[in-house]
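This report describes selected features of the structure shown below, beginning with a pocket and continuing with a helix and a sheet.

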Amino acid sequence: FLFVHLSPMSASISVRSDGVGVISLNSPPVNSLGQKLKDSFCKEFPKLVSDPQVKAICVTGSGRFFSGGFDIAEFSVITAGGQEQYKDVLGEMLNMIDSCPKTTVAAVNGPALGGGFEVALACHYRVASDKAQVAFPEVTLGLLPGGQGSQRLPRLVPLEDAARMMLTGSNVKAEPAHKMGILDAITGEDVIEAAAKWALSKPPAPVSRRSVPAASISAVASGALDKALKQAQGQMPGAIAPESIVTCIKAACSSMSFEDGLKVEMQEFVKLLFSPQSIALRYLFFAERACAKVPGLNEKPGPLAKIGIVGAGLMGGGIAMSSAEAGMNVVLLDVSQQAVDKGVDVIKKNYARSVERKSKTQAQVDKILAAIVPSLAYSDLHDCDLVVEAVFENMKVKQDIFRKLDEVCKPGCILASNTSFLSIDEIASATKRPQDVIGCHFFSPANVMRLLENVRGSKSSPRTISTAMAFGAKIKKVTCLVGNCPGFVANRVMGKSGADWLLQNGALPHQVDAACEAFGMKMGPFRMADLVGLDLFGRERVQSKVAEPEKVVRDALYAAERFGQKNGKGFYRYDAKREWSRDPEAEEIIAKVWKNTGKATTSFSQEEIVETCYFPVINEGFKCLEEGIAIRPGDIDMCLVYGYNWPRLTGGPMHFASQVGLQKVKSSLEKLGQKPAKLLEECVAMGWTLESEALQARLERALSKL
């Protein structure tokens, strides 16, 4: 072998004793295709082509990845010149591989994703490890495979498979990829060895020169792509990428040449790359990774082998499922055998549905259920590493529980409350170890919703915070550290939504929900309220003696024992499958409140409903930043996207504010009679955007005062 030194973000070449040249992509940790790696590849590859001793060439990745795709961080660089000055990034590299006079084989040693998959498709053949997988995840970033992938894949696989991969972004493992025709061979042995043998036994066969299968052309003519597009648009309402993807696939399946198809692909790719939707989705990609990082937190987390959960209801059961699925042992405790049995029964029914849907095997379910041990005794929590209290929202009840936990739990055990709005400091005051207390606020249903807000108390130690963040990562939640205030971030800012104002002033729930869902919300505010449960806040308002069922719609519905999905009636009526419909009984209750308060049915435009609902949310987000409750604007967007299903295509409320303009938000708030947050006013006055360095420094000063 001839080896060349491997440097970061480079391509290295070597020549095997059998005459096969090997070029390796080296850009840890996933061999992302940045400009430097591309330039290095284009410098090194021709050396193998011109070397008379090299008979064929294998392309592979260093480490465990073939390539994770184009380096998303470089999008800001390649788009800096604007749409008209944008130049193709990977075309030179891909054409070099495709047109090589020597046989080229992709030795797919690990995941080949996005642009990495396109590099593999540019090779004449593909031999993969049996652990490899391929995917085009570009659609999740509002893009399409813009490195010739939309023209190459339809030449290798049936139309249905090509469309599904590009429209859903789903991963395909080695075996099914082989059956589809993406991979020519798979091996459980040395993938480079297998690829080299293949390369020496096959002539050059560029994918670009192959014809699209006749069956695919017929399927396009019969409308198969139109059906696939409609399905994709149903899964991603309002997204523009699916239509561009279908346009490219149609070009591949037409009478166009490969080169003309690439022109269509580039035109559609550039359109998407500069679209507000893709900009928003790329912003979220980085915001999600940033929110897991806590500035200045260097403490190592404690162990997370055994978890205790107090409360076997909907929330507690969901947390138990998430924890057990992550490989932790779980003690699920409640006050009575009946409550425990009911909670375990719900868990079993959930998993029975998983087996029925084939998302889990019975063996997997049995292993998970074996890890969940029901209990009635607090003493069973004595050796837990972390205990989550998940009972209803009552301070006295929670404090009583924490006193018991303080007595029985081992030193260093993290004591967490799943409260959605109560003070963590007040809960911690019931213990002799407030440094070990933190909020772990899950969203309902906890086993489905991806957000976890970890709420730092004034005395929460760095170890406690670090362990709670590690817990969130272990159970695969999008985990944000937030400050202690009523409602924390997600509930606090969404609590300022003007939806209830509209409800109190003549708009029916379905009208508001329809406008919000047209904006992009997966679920309008009143359907969401029914999912969470109207009894959570309703009970607290009654106990606090502030409920006014004659004047407040929510109080009136709670008084009528309309709790939402959990008992089949709330703002709407629900059937056995939890399908909703308008309910004359609910609307009669609403109309009665209107009559009592001198209101009547009023017509609002969609724009009025959206601005009334969500500009106050943005305003409250600025207040959270000003107070240090949220670390970054992106953290607020994470909390809303994953906690309330805020439409991803807008990037979250704070990014949405940037898109529409902070001046417009400020002016609209003033028209609604609301005072803009001081930080919002400051941003407008100073001409700051949410990305301004001056604003970042301003936020760091706010955090340093905590």
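Four helices, H2 (75-78), H13 (276-291), H28 (633-643) and H29 (653-660), each supply at least two residues to the lining of the second largest pocket. The model is predicted: local features need pLDDT of at least 70 and side-chain atom pairs count only at pLDDT 80 or more, while totals for chains, interfaces and linings use all residues. Residues are numbered from 1 along each chain as its sequence is written, and side-chain values use heavy atoms, with hydrogens and water left out.

Helix H13 gives the most to this lining, with 6 residues. The pocket has a volume of about 520 Å³ and is lined by 21 residues, of which Arg282, Tyr283, Phe286, Ala287 and Glu691 lie nearest its centre. A pocket here is an open set of points on a 1 Å grid over the protein atoms alone, where a 1.4 Å probe fits, with protein on both sides within 12 Å along at least five of seven lines; lining residues have an atom within 4 Å of a point. The classes of the lining are as follows.

| Class in the lining of the second largest pocket | Number |
|---|---|
| Nonpolar | 11 residues |
| Polar | 6 residues |

Helix H4 (residues 115-122) is mostly covered, as 8 of its 8 residues are buried (under 20% relative accessible area, 1.4 Å probe, protein chains only). Among them are Phe117, Glu118 and Leu121.

An open sheet of mixed pairing is formed by 6 strands in the order E1-E2-E3-E4-E6-E9. Strands E1 (10-15) and E9 (185-187) stand at its edges with a single partner strand each, so one side of each is left without a neighbour in the sheet. Two strands pair if DSSP finds at least two bridges between them. Strands E3 (residues 56-61) and E4 (residues 104-108) run parallel and are joined by 4 bridges; Thr60 has Ala107 in E4 as its bridge partner.

Notes: Points joined across faces, edges and corners; volume = space filled by probe spheres on them. Nonpolar A, V, L, I, M, F, W, Y, C, P; charged D, E, K, R; others polar. Buried < 20%, exposed > 50% of the residue type's maximum accessible area, 1.4 Å probe, protein only.
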